[in-house]
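Grab a pencil and open the viewer. Try each exercise on your own before you read the solution under it.

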Amino acid sequence: MKKNFYITTPIYYVNGEPHIGATYTDVACDVMARFKRLDGYDVKFVTGTDEHGLKVKQAAEKKGIDAQSFTDIVSKNFMNLSEKMNISNDDFIRTTQTRHKKAAQALWNKLLENGEIYLDSYSGWYAVRDEAYYSEDELEKSEDGKMIAPSGAECEWVEEESYFFKLSKWQDKLLELYESHPEFIAPNSRRNEVISFVKGGLNDLSISRTTFDWGVAVPENDKHIMYVWIDALTNYLTAIGYPDTKCDEFKKYWPADLHMVGKDILRFHAVYWPAFLMAADIEPPKRIFAHGWWTSEGQKMSKSLGNVISPDVLIDKYGVDGSRYFMLREVPFGNDGDFSHQQAISRINGELSNGLGNLAQRTLSMIFKNLDGIYPEIDELTVEDKKLLNSAGEDLLNFVRKEIEQQRFHKALEQIWKIIGEANAYIDEQAPWNLKKTDTVRMGVVLYVISDTVRRLAIILSPFMPDSMNKMLNQLKVPENERSFEFIENMIKSGVKIEKPIGIFPRIEPDKEKAA
Ligand code: ME8
């Protein structure tokens, strides 16, 4: 049976330039998508932009352009960034697209038909920055009398006619879902937070607005537009052909295997979204993973503090793959993390340049110089040779697969670097530079064993650093159709000739970074 895998990022608000947060979620999802593809899955990976709502409308007004032209420009910036970061998404959803409006209205109609929506009026607190409603007991009063949400966003009082979704009636069903599918919300600490929020009781949710018009029209009453979150969440269905639930894509990919989100938007995904879906007779997704939050040199990233880390700066300083590696290696996925340039340089130089880069470079250079660049014929492997090869083969792949399934990227990388350490210890012990003078046959075997170890590592690492690992596999002369996991235990072919190797991970000079 064909193995399918559907993974999504949140769709990002287009109220400003993309920052490191969007890149972080994109990279994590990209690693999962690429890993699954190499593991034989048929993958659908979707990202996109969330273009309606008051926040985006206000940002457009500030720029003095109409909302559609504004979102066209900013959405393009997000698209370009995904491309630059080598994100392998299969689709890019924009909520202003016709296909999406059709899907959002179809979901609305289904909820209406099922008796899950009623018209009433809303009076309460709303935070434009979060595009979220809050009850008074969740808010704090600031010194100047403003009502502040737990996120720090300022709230305003709203009173208007509104449609409501009967969220309150789904409380028990949601608790049952969390109970019967413990893997539905991860990490576990977040799961507990959601459960206690739902146990605390749910109010019906206001799902339409009348005081502005930048949104998807409510089908039966165009005085109303849909609340931006019901519009946005539907994107996960739009991408696979909804409302056509009989189409191939929908049948193949729904329920989604993983919605990856930041911890700030877990409530929308783990409470509202499954409730909307169950109310529309659609199965909930299989898993929501909420990752942590990046701060910058110890402080919350904010435009006014001037410490927002732009993905372009990251790419300039550390390269695409250096940035991808650092983000997933530095912080246990799920925890908050602080972005420190010093740490980034230290990891890139220590782990990429010295650890992996050097291993490949010195091995291939020796083959190039001493064996005319040709992998030798191998008669016999010693216990040490086999041990190293085995530790970088199926065993490592199985370990990494298990960690990736649980979104523990840092653990996967930690283990891969343990094996890189073993390979470096092996080369030092075997000392092929000495064998050059005493036993050139054994020197050839040692260099061959390391080359094949590097091949294995590069295949397993390619979801994390696709471009660099491709370069490495090119230098090793591994055929392009032999770079998926089923070939992990294949051996490099003797007699194949390599070219003069070029270092893949140049060191980053700390001084240059200070001057920047
Ligand atoms: O919430 N650290 O969009 P958004 C880590 N449109 N991740 C961060 C981050 C940070 N400092 N800042 C942002 C929305 N993110 C809605 C989503 S989905 C149906 C609708 C990431 O532009 C993280 O993934 O505010 C977070 O959840 C997302 O960007 C929020 O993006």
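The exercises below walk through a predicted model, a few residues at a time.

**Exercise 1. Find H259 and work out whether it is buried or exposed.**

Solution. 
- Step 1: H259 sits in strand β13, which covers residues 258–262.
- Step 2: Check the accessibility. The relative accessibility of H259 is 0%. The cut-off for buried is under 20%, so H259 counts as buried.
- Step 3: Look at what surrounds it. Once you skip residues up to four places away in sequence, H259 touches T8, Y236, W254, H269, W273, P285, R287, I288 and F289.
- Step 4: Pick out a polar partner. The side chains of H259 and W273 are joined by a polar contact of 3.1 Å.

**Exercise 2. Describe helix α10: what is its length, where does it kink, and how many of its residues are buried?**

Solution. 
- Step 1: Get the length. α10 runs over residues 266–279, which makes 14 residues.
- Step 2: Compare its span with the expected one. From first C-alpha to last, α10 reaches 19 Å, close to the 20 Å expected at 1.5 Å a residue.
- Step 3: Check the cover. Of the 14 residues in α10, 13 are buried, so the helix is mostly covered.

**Exercise 3. Which residues follow a cis peptide bond, and where do they lie?**

Solution. 
- Step 1: Recall the background. Most peptide bonds are trans.
- Step 2: Take one case. Y242 and P243 are joined by a cis peptide bond with omega of about 15°. P243 is in the loop between α8 (235–238) and α9 (248–253).
- Step 3: Take another. The bond between W254 and P255 is cis too, with omega of about 0°. Look for P255 in the loop between α9 and β13.
- Step 4: Link back to Exercise 1. W254, from the cis bond with P255, is also among the residues that H259 touches.

**Exercise 4. E131 and D372 each have a positive phi. Which is buried and which is exposed?**

Solution. 
- Step 1: Recall the background again. Most residues other than glycine have a negative phi.
- Step 2: Examine E131. Its phi is positive, about 45°, although E131 is not a glycine. E131 belongs to the loop between β4 (117–127) and β5 (132–134). With a relative accessibility of 1%, E131 counts as buried.
- Step 3: Examine D372. This residue isn't a glycine either, and its phi is about 55°. You'll find D372 in the loop between α12 (341–370) and α13 (383–391). Its relative accessible area is 58%; exposed means over 50%, so D372 is exposed.
- Step 4: E131 is the buried one, while D372 is the exposed one.

**Exercise 5. How many cavities of 30 Å³ or more are there, and what lines the largest?**

Solution. 
- Step 1: Count. There are two cavities of 30 Å³ or more.
- Step 2: Size up the largest cavity. It holds about 50 Å³ of space.
- Step 3: List the lining. The residues are H52, G53, L54, Y126, E131, R209, F212, W214, I225, M226, Y227 and V228.

**Exercise 6. Go to R362 and find which residue its side chain makes a polar contact with.**

Solution. 
- Step 1: R362 is in helix α12.
- Step 2: Classify it. Its relative accessibility is 30%, so R362 counts as partly exposed.
- Step 3: Find the contacts. Beyond its neighbours within four places in sequence, R362 is in contact with N424, I427, D428 and W433.
- Step 4: Name the polar partner. The side chain of R362 makes a polar contact of 3.3 Å with that of N424.
- Step 5: Compare sequence and space. R362 and I504 are 142 residues apart in sequence, yet their C-alpha atoms are 12 Å apart.

Key:
Residues are numbered from 1 along each chain as its sequence is written. This is a predicted model: local features need pLDDT of at least 70, side-chain atom pairs count only at pLDDT 80 or more; totals for chains, interfaces and linings use all residues. Side-chain values use heavy atoms; hydrogens and water are left out. Helices (H or I, at least four residues) and strands (E, at least two) are DSSP runs, numbered from the N terminus. Buried means under 20% relative accessible area, exposed over 50%, partly exposed in between (1.4 Å probe, protein chains only). A polar contact is a pair of N or O atoms within 3.5 Å; within protein, one must be able to donate a hydrogen and the other to accept it, and residues adjacent in sequence count only if both atoms are side-chain atoms. Contact means heavy atoms within 4.5 Å. The expected span of a helix is 1.5 Å times one less than its number of residues. On a 1 Å grid over the protein atoms alone, a cavity is a set of points where a 1.4 Å probe fits but cannot get out, and a pocket is an open set with protein on both sides within 12 Å along at least five of seven lines; lining residues have an atom within 4 Å of a point. Grid points are joined across faces, edges and corners, and a volume is the space filled by probe spheres set on the points.
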